[in-house]
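Here are my notes on the model you sent over. Have the coordinates open while you read.

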Amino acid sequence: MGLKAYAFETSIRGALVAGALLGSQTARADPPALGLETIGRLELAWTFRTGNPRGHAGAPAVSGDSIFVLTPFPHALVALDLQGHERWRVVPDSDPRAEGLATGGGVTDGPVLAGGRLYLTTLDGHAMAVEAATGRVAWDRAVASLDAGETLRNAPLVQGGRVYVGSAGDDAGARGWLAALDSGTGRELWRRLSTGPDGEVGIGPQFRSAYPTEAGADLGVRTWPPEAWRQGGGSPGPILADAELGVVVYGTGHPAPWNPDQRPGSNRWTSGLFARDAATGAARWFTPTNPHDEHAYGAASPNLLVDRPWRGVDRKLLVHPDPNGFLQVLDRETGLILSAKPIVPTNAVSGLDAGSGAPVRADAKRTHADTMTRDICPAWTGPVLAEPALSAETGFVLLPTSRLCMDLEPRDSGVIPGTLSIGANVRLKVPAGPAGALVAWDLEREAPAWTAEEPLPLAGGVLATGGLAIYGTLDGRLKALDARSGRSLWEYRAPSGIIGRPVAFTGPDGRAYLAVLAGVGGPLGQAARGGIDVRDATAAGGLANAVRQAAYRDILGQGDESGSLLVFRLP
Amino acid sequence: MRALAPAVLAALAFAGCQRETRDFRTDPPVLAALDDVAPLPNRIGGAPPDVYVALGQPYQANAYALSEGKRLYDGMNCKGCHADGGGGTGPALLDGWWRYGPDIVSLYVTLRDGRPRGMPSYADKLNSEQLWQVAAYVQTIGSYRAATAATSRNDQMQSRPSENRGPARAPLTEPPSR
């Protein structure tokens, strides 16, 4: 027995030595890229523990032989070399009050690398620029006010010498805004609000909506009860730029409070898509996707810019997976909706009105104060919480989806500074069948090409590279599928659930790398980490109710006390 | 004799009814004195005001006061962060883990002065009696032991076991991570 084991060990060792020799020879000859044939050989190179237990969303930034990680609040920006050694670390001052406003698990994204600098936003409202080589802070500006209920969640967009920052705080009754800062100095160039008079929103002569409902003076005031727009939500999600058109495109958040009966009217300009002039912030167009939002959907989901033929004509498209469950394809020059098809089971919205682009709501799933509406699909979290990706090889849009539904009971709620005026009792529900899926959407056919079903909702972004779809799950599996068919090719078990987005890059040594943050959290994962008592169905935005159900229970205890960066390498 | 029995029973029944006296408005000097807590230097624990003891700790064991606390818990947006006790952006109150102590004085100080990680101060929104009512209600949510008084059930969504089912605390397990 002992002899056998010894013989086995030596043969393994021999194989390893031979493999290493072979590997180094082929590496010198032609380093393989990450693709369908090589993914099976991907191996873990090193990990880096961040020491932060919150949800790790977003992706690290990579430049040359450096990799930069922004840990969740209270933040630390860490620069590592490609062996996993720490180069420098910047720990910005933090205001602990931000934690109380950190809805949805308080996940943040970033950093963004541009022109040798890292740009980042902090949950407590600062925008910063840091020299990538040295870790020196170039500038640090307080742009969002915690006193007003504002926090910063998304990575800034850096484009054309400007840094675009959008505020979050719908649930805290903050008025959402988008601001542009000078990338050199951090000086604020302009700031446009999501509600209020036309002058503050930036509606002027440039504004041309594809829909007649959007014409009229001061809709940001007149579509609200008196003064209610001041408490209106409206927070930009991820911001995208089209340099050719000179616009930035983003979705606004939902109005506050959730209770729709407290704010009769269409509640402009919340829960819709804005295109603004990149230089001046003037609005170009606005397309409402959930006017008079009854389900706290908002429209601040991650979008994609796609240039491709549409019905035989080359068009500049915006692919918008709306939180109401419909994947909308818009012409991003005009804001016209070209296609809207459900990507998850939906019942709140039955379709889109062709004339106004507005959703047609099912009467049975409308919500009113002090009235329980059951089994609304999708849940307020929306079907797509993290970045989809366009697979270049197949042309499919890869969407990480969640199929959760909800029971919603709006109730009266006032705005009290420092608190969240949710104004609803809500519990999330896991539907019968799979709770999530990776959907490969064929834009041409307006239908899924394939669907890889998942027992848990997907809450992390997708990476499309080399014909692969790579994504992580809430129970900590990093998966690679064949983007043509959805066939599973590779899987790795991470120490914690994944809500981050994998990134692939080639190191200075010519080898292919893959990096992803693991650390469960966010609106669909925060109950895994403890601190939430799931006996209360409404805890953590209703997530507790879903977690009590069998399919979801597995994520309890999946939380690690620290998030980690996993770096894989091809031999 | 037969005619007397119902009369005796009725007399006994009425004698058993003690109507609680309730003021429309608490005396201002009492309200001011109720704010006179003496927390320890670290703002955790401490002594309640003398008048609180003199009044016979009127909030923790009084169903009306607890119900008022529950109403204020909803109206003051406590639910926005702590949900119905299960937590969200704020910590859970059901689970028996108290960052700043489980006693009523700690809870009062938390509500009145706020705490650093996002808990706002309610000093300018509620008077001292209302603060005691909310503190007493919050204490029953995560109580370590059965109370002699409880609020009524939720008027809206029955999101968790109701307060009158005895101690809400889960068996002591691992403390919640941060």
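1. Ground rules. This is a predicted model, so to speak of local features we need pLDDT of at least 70, and side-chain atom pairs count only at pLDDT 80 or more, while totals for chains, interfaces and linings use all residues. Residues are numbered from 1 along each chain as written, chains are lettered from A and ligands numbered from 1 in the order written, and side-chain values use heavy atoms, leaving out hydrogens and water.

2. The interface. Chain A puts 41 residues in contact with 38 residues of chain B (contact: heavy atoms within 4.5 Å). The two chains bury about 2,800 Å² between them, with 51% of it on carbon and sulfur atoms; that is accessible area (1.4 Å probe) lost on putting the two parts together, summed over both.

3. Polar side of things. There are 19 residue pairs in polar contact between chain A and chain B, both residues at pLDDT 80 or more (N or O atoms within 3.5 Å, one able to donate a hydrogen and the other to accept it; residues adjacent in sequence count only if both atoms are side-chain atoms). Salt bridges between the chains come to two (a side-chain nitrogen of Lys or Arg within 4 Å of a carboxyl oxygen of Asp or Glu). One of them joins A:Arg411 to B:Asp74, at 2.8 Å from N to O.

4. Who supplies chain A's side? Strands E28 (405–410) and E29 (424–429) of chain A each give at least two residues to the side touching chain B (strands are DSSP runs of E, at least two residues, numbered from the N terminus).

5. A Trp pair. Over all chains there are 17 aromatic pairs (Phe, Tyr and Trp rings, six-membered for Trp, with centres within 6.5 Å; planes under 30 degrees apart are stacked, over 60 edge-to-face, the rest tilted). A:Trp258 and A:Trp380 make a tilted one, 5.5 Å centre to centre with 55° between the planes.

6. A strand-to-strand pair. A:Tyr492 is in strand E35 and A:Phe568 in strand E39 of chain A, so the pair ties together parts 76 residues apart in sequence. A:Tyr492 is partly exposed at 25% relative accessibility, whereas A:Phe568 is buried at 0%.

Definitions and conventions:
Helices (H or I, at least four residues) and strands (E, at least two) are DSSP runs, numbered from the N terminus. Buried means under 20% relative accessible area, exposed over 50%, partly exposed in between (1.4 Å probe, protein chains only).
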